[in-house]
Amino acid sequence: MTAETLTVDLATETGPFHGGASGTLYGLYGDGVPSRAVVEGMYVRTVTTKAQDGIQHPGADALEILPSFVAAGGKDVYVYLTDIHRGFPYEWPGATGEERLATYLRSVRRQVEQAQTLGALTSRLVWVPFNEPEGNMFGTGEWSYDQVSWHTEPGPYFAAWQQTYRLIREIDPEARIAGPNTCILYPEVRGFLEFARDHDLLPDVITWHELSSPDEVRRNVAKYREMERELGIGPLPVNLNEYAHNYHLSVPGQMIQWIAAIEEAKVDADMAYWNIAGNLNDSAVEANRGNGQWWLFNAYGQLSGNTVQVTAPHPDVQYTLQGVATLDRLKRQARVLFGGASGSVYLVLEGVDADVFGTTAHVRLQEIPWTGQVGASAQPSRLLDAELPVTDGRVTLPLTGLDEMSAYQLVLAPGGHGAALLPPAVGRRLTYEAEDATYTGGGHVKHGPEGSPSHVDKFATSGGYHVGGLRTGSDGVLAFDVEAPQDGTYELRVFANSHNLADLVRENGPTNVFLRIDGEDARQLLLPLGYKWAVWGHTDTEVELTAGPHRITLAAHDPDLGTTKGDAVVDKLDLVLRDDQEALYDAEFAALDAGARVSYADLGASGPGAAVLPRGGTVTFWVHAADDGEATVTVDLLGPGEGLLTVNGEELGRVQRGAVPLFLAGGINKVTVTGTSERLVVDRLRVAPSRGLLPAGVSAAEEGTLTGTARVTGHSYATGGKAVEGIGAGPGNTLTLTVTAEHAGRHALTIRYSNGEQAPATHYNPDPVCRHADISVNGAAPHRVLFPTTFHFNNFWNLSVPVTLDEGINTLTFTADELPDFEGRTKNAHGQRSPYAPVIDQVTATPLVQEPLS
């Protein structure tokens, strides 16, 4: 097959980088779910969410997520006023259309008046009076205004728009209003715009949904812009506040195609909400981890300068090679994000200006792989680090072995400065599909096909198929015949899933299976839980392999270890040859702010350049940690100068020259260096494994003091088989633990917990509930912490919280109670605000640093 060509013309700029594709519908549950670092590092620009105290779904209340979202760099929160109601179509009360609208307007008044209590933050709200009005409140169904479609008779909808619009502006003259928020850009939108123009009721932002394809995004935005010109309005900001399908979400190679179209159109857009709230539309894992899609948006959000023309081999054709690119002349960098095709590709960069890049270009290529909807991902893998000649303004890279589910990032910078070229960060990933493996025993089922271009409602699955059979009572064995290219330590990843509410899973939690290598080295693996079938995560383990063939088996029974409890499906097995190199993050490719700049003239830089920080200038690295705990962190500096080190918002003191032990949260960490001298040159950040220098104290929950309903119960996957439940539902039901600190100061409390609570849902969205705990340290005012679902009460995750401890023994008290609605007078009637804290297994206290950095 002939390799296709993706051409990037750096000489043809198409406007300032916008960053609008990184929006989310129902992606934030509350402060901490997902974590501040995860939200900020994904560069989330806009959020569409439910009305405050709405009963459509648990969490995601507009006024509760607003402060933390703005603090994480967010721009606007769009409020679905209609989601104050339950059901879809919305179940708004009233015997007649007039009664329903009057009741609804009272609700709108209450919501907008509540927002006025937030002061300046109110300006970040955008009110959406009606969601998909043509199929809901002004459609033909039982719950519509008068069972007459807006398409047939627009009068009632236009009158309701006018009343709602004027009511909002009466309460807040500066309020921004968005609409019409149709499910597609219907031709009738033109009539809506004419009416709104003629009655001074135009939205401040035009919204509709693009549950279509990237090529439709380009065409429909162009169609709308032409409509504006014909009507003599605008141009108005546009937010496509629901885009992409299950098959696309979580898959970098799919999502880059949407991103490219949305960025080309220079509009905002929010990913659609098909599943659970609070995970950034299948981008965030647990509270603080990102999957491959998260890292794609992290790379997208760090584009800067102007976008440039990208010519794809099949323009405007979905499921083909597509990309987006920028040129930042101040940084002297070009970046290309691309993907969507397997095999070989020619990546051609034209118009490479010698005044910007010189005659030799430094290129770095990274892969952002698919890791499943609920599978965490490390930072993008370095595939290539090279210096190439610029010939007639052109740089050409022949690329092989691309994966259509992955996205890729190429960074182009000036070369020829003596940079030490780095080898690939990992060996080639070897993938073995479960449907191609050998199954023996009973119960085998080949499931599929799953998601595909013709079934976008289903989930993406490697190879399109997966295998079931490893379940309670089974004697099944799934055998993968693999070929190790060389001796070494391999990371083995089993991509699998158990539906948390399936009959055989509901009782015990994660499905356990048994792994052997060539019949030896038996070990138990707990496979991931998900909110539906075919929602993929991965369980990882390290194996030692010699070069040559091996048989890796997953079995439902092991003569030495026991039998499977549960019911799992397996998608694939990945093998990656690991090296022991530390993770490297070059400062010239990191996020710069407050006057920091890139220099390519500092001798001794490890890569093509370095970051030069003036006093107050910053360089920020988005750093992955596999687990909560100590890591060895080195900030490599060039020459004199001083700086301040901040990790996840915690100031840790002066930047040291040499390796220091620091606590990193499992998943995403924001590490920032701020210049405190006139000039500080930062070369790179290096992160290596723990050296065991941070003293960690562990306290088992079952050894704590319990009051009221709090009690010790058996949980087979808790540490020691026991944990504490029944905390909360009132201040008298508490768990109190003690932890010891070797010195006073800031520590991380790593809480091992479980939370399987789920509220009754009204339609296709599962509705897991986040629990919270009010944690008091040494009798001080409690700090409220939100805990996302773990999908089962016997499935335990870690969540780390920074606290200040005294030297010696410290007392920690956990309690909880059901939180009231915004005004404090009523409570949710649908089980969407839990009165309980999560089940607590143990708490580990670790200093953030060995001692304060002087």
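User: Which residue forms a salt bridge with E40?

Analyst: This is a predicted model, in which local features need pLDDT of at least 70, side-chain atom pairs count only at pLDDT 80 or more, and totals for chains, interfaces and linings use all residues. Residues are numbered from 1 along each chain as its sequence is written, and side-chain values use heavy atoms, with hydrogens and water left out. A salt bridge here is a side-chain nitrogen of Lys or Arg within 4 Å of a carboxyl oxygen of Asp or Glu. With its closest N and O atoms 2.6 Å apart, the partner of E40 is K670.

User: How many residues apart in sequence are the parts that E40 and K670 tie together?

Analyst: Helices (H or I, at least four residues) and strands (E, at least two) are DSSP runs, numbered from the N terminus. E40 lies in helix α1 (residues 36-41) and K670 in strand β43 (residues 667-675), so the parts that the pair ties together are apart in sequence by 630 residues.

User: Are D385 and R364, whose side chains meet in a salt bridge, buried or exposed?

Analyst: The side chains of D385 and R364 meet at 3.0 Å, N to O, and the pair ties together parts 21 residues apart in sequence, because D385 lies in strand β17 (residues 381-389) and R364 in strand β16 (residues 360-368). Buried means under 20% relative accessible area, exposed over 50%, and partly exposed in between (1.4 Å probe, protein chains only). By that scale, both D385 and R364 are buried.

User: Why do the buried residues of α5 line one face of the helix?

Analyst: In helix α5 (residues 189-198), the buried residues are V189, F192, L193, F195 and A196. Directions are taken from the helix axis to the C-beta atoms. Seen down the axis of α5, these buried residues line one face because they fall within an arc of 165 degrees.

User: Which residues have the most contacts inside the largest nonpolar core?

Analyst: A nonpolar core is a set of buried Ala, Val, Leu, Ile, Met, Phe, Trp, Tyr and Cys residues joined through side-chain atoms within 4.5 Å. The largest one has 113 residues, and contact means heavy atoms within 4.5 Å. Those with the most contacts inside this core are W127, L193, Y243, M255 and F297.

User: How many residues are in the second, separate core?

Analyst: Among the members of this second core are A583, L652, V655 and V849. The core is separate, and its number of residues is 39.
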